[in-house]
Amino acid sequence: MNIYETDKLLSEYLLFHYGTRSEIAPPAGVEHALDYAVRCVTECVNLTTLKSGARALDLGCAVGRSTFELARHYSSAIGIDFSRRFVDAAEALRTKGVLPYSRTDEGALTTALVARRPEGIAPERVAFEVGDAMALRSDLGSFDVVLGANLIDRLSHPALLIERLPSLVRPGGQLILTSPYTWLEEFTPRDRWVGGFEREGLRVATLAGLRAVLEEDFTLIDARDLPFLIREHARKFQFSVAQASVWRRNEEAT
Ligand SMILES: C[S@@+](CC[C@H](N)C(=O)[O-])C[C@H]1O[C@@H](n2cnc3c(N)ncnc32)[C@H](O)[C@@H]1O
C-alpha cells in the first residue's frame, strides 16, 4: 500500500498544508517550522523577475498548497503527484474552495476540520494531475520554475527525474529542490541514493551528489535550511530541517 494513499497521511498532509496555527497547536519553540508549503515558495523562489505568462511546476505537490502559492505569482501552476487521493483532495480545494477532513488528537479521538483554498488565488490558473515524476508526460512543456519539495528521497529512481530537469526548466529559469535527505531503502534502493553514503572512503552529502549531476546544466544559487513540522497527533510531531537548494538553469550556449 502506498502510504500517500492512506487516510492517515491524507489528513496529516491537509493539516500540514492548510492547518492554522491553532489547529496544529505546535509545542513552544517550533512555530518557525509552520507554513512549510508556503515558505518553499516565499523563501526560495525569486519572484522579482517574472515575465508575463510565466509557468510553474510543483512536482510531488501532495495536497497542493505550494501549487496554489506559485499561482499567486505565476500565470499558471501545475501540481503533479503520484497519489490519486492527494490529487483528488487538491482538485476539490481548487474547484470547491473547501474540503472537510479529520484531525487525529489522541487514539481514536479526532476533530473535524475544514481545509480552505488560500485567499486571493484564481483557481483557473491552477491544474492538478496524477503523474510520476520519474516518467512525466512528454508534452508537459517547459517552466520558469520547477519545485520539488521533499520529493527526491521518496523516489525509487531519482536519476530519472534529474535527467529530465534540464528540459523542464527554461534557460534562466529556477529549480528548487527541498529535502531533509531522509534516504530509506523502503523508498529508494541504496545504489540509487543521490548522497548520504560513503564512496571510496569519502562521505558524499546529498548536496554534493546533486551538484555532481546538476552542474552541467544548472548553477547553484543558494542552499538554506528550511525547518518543517508535521503533526501526527496532539502529542506527536515530526520536526525536520530540509535543505533547500536553489538552482538557475544555465542559458544555452549560442
Ligand atoms: C514527503 S511528501 C512531500 C509532499 C509536498 N511536496 C510537501 O512538501 O509537503 C512526498 C510526495 O511525493 C509524492 N510522490 C512520491 N513518489 C512520486 C512520484 N514518483 N511522482 C510524483 N509524486 C510522487 C507523494 O505522493 C507525496 O505526495
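**A tour of the ligand site**

Begin by selecting His-17 together with the ligand in this predicted model: a polar side-chain atom of His-17 lies 2.8 Å from an oxygen atom of the ligand. Next, select Asp-81, where an N or O atom of the side chain is 2.6 Å from an oxygen atom of the ligand. Then move to Gly-60, whose contribution comes from the backbone, with an N or O atom placed 2.6 Å from a nitrogen atom of the ligand. Taken alone, the ligand exposes 600 Å², and the protein buries 94% of that area.

If you display pockets on the protein, the largest pocket is the space taken by the ligand.

Finally, zoom out to the protein chain and switch to a cartoon view, where the secondary structure comes to 7 helices and 11 strands. Along its principal axes, the C-alpha trace of the chain spans about 60 × 50 × 35 Å. The radius of gyration of the protein chain is 18 Å, which agrees with the value near 18 Å that a compact globule of 254 residues would have.

Note on methods. Residues are numbered from 1 along each chain as its sequence is written. This is a predicted model: local features need pLDDT of at least 70, side-chain atom pairs count only at pLDDT 80 or more; totals for chains, interfaces and linings use all residues. Side-chain values use heavy atoms; hydrogens and water are left out. A polar contact is a pair of N or O atoms within 3.5 Å; within protein, one must be able to donate a hydrogen and the other to accept it, and residues adjacent in sequence count only if both atoms are side-chain atoms. Accessible areas come from the Shrake-Rupley method with a 1.4 Å probe; for residues, only the protein chains shown count as cover. On a 1 Å grid over the protein atoms alone, a cavity is a set of points where a 1.4 Å probe fits but cannot get out, and a pocket is an open set with protein on both sides within 12 Å along at least five of seven lines; lining residues have an atom within 4 Å of a point. A molecule sits in a cavity or pocket if more than half of its atoms lie within 2 Å of its grid points. Helices (H or I, at least four residues) and strands (E, at least two) are DSSP runs, numbered from the N terminus. The radius of gyration is taken over C-alpha atoms; the globule rule is 2.2 Å times the number of residues to the power 0.38.
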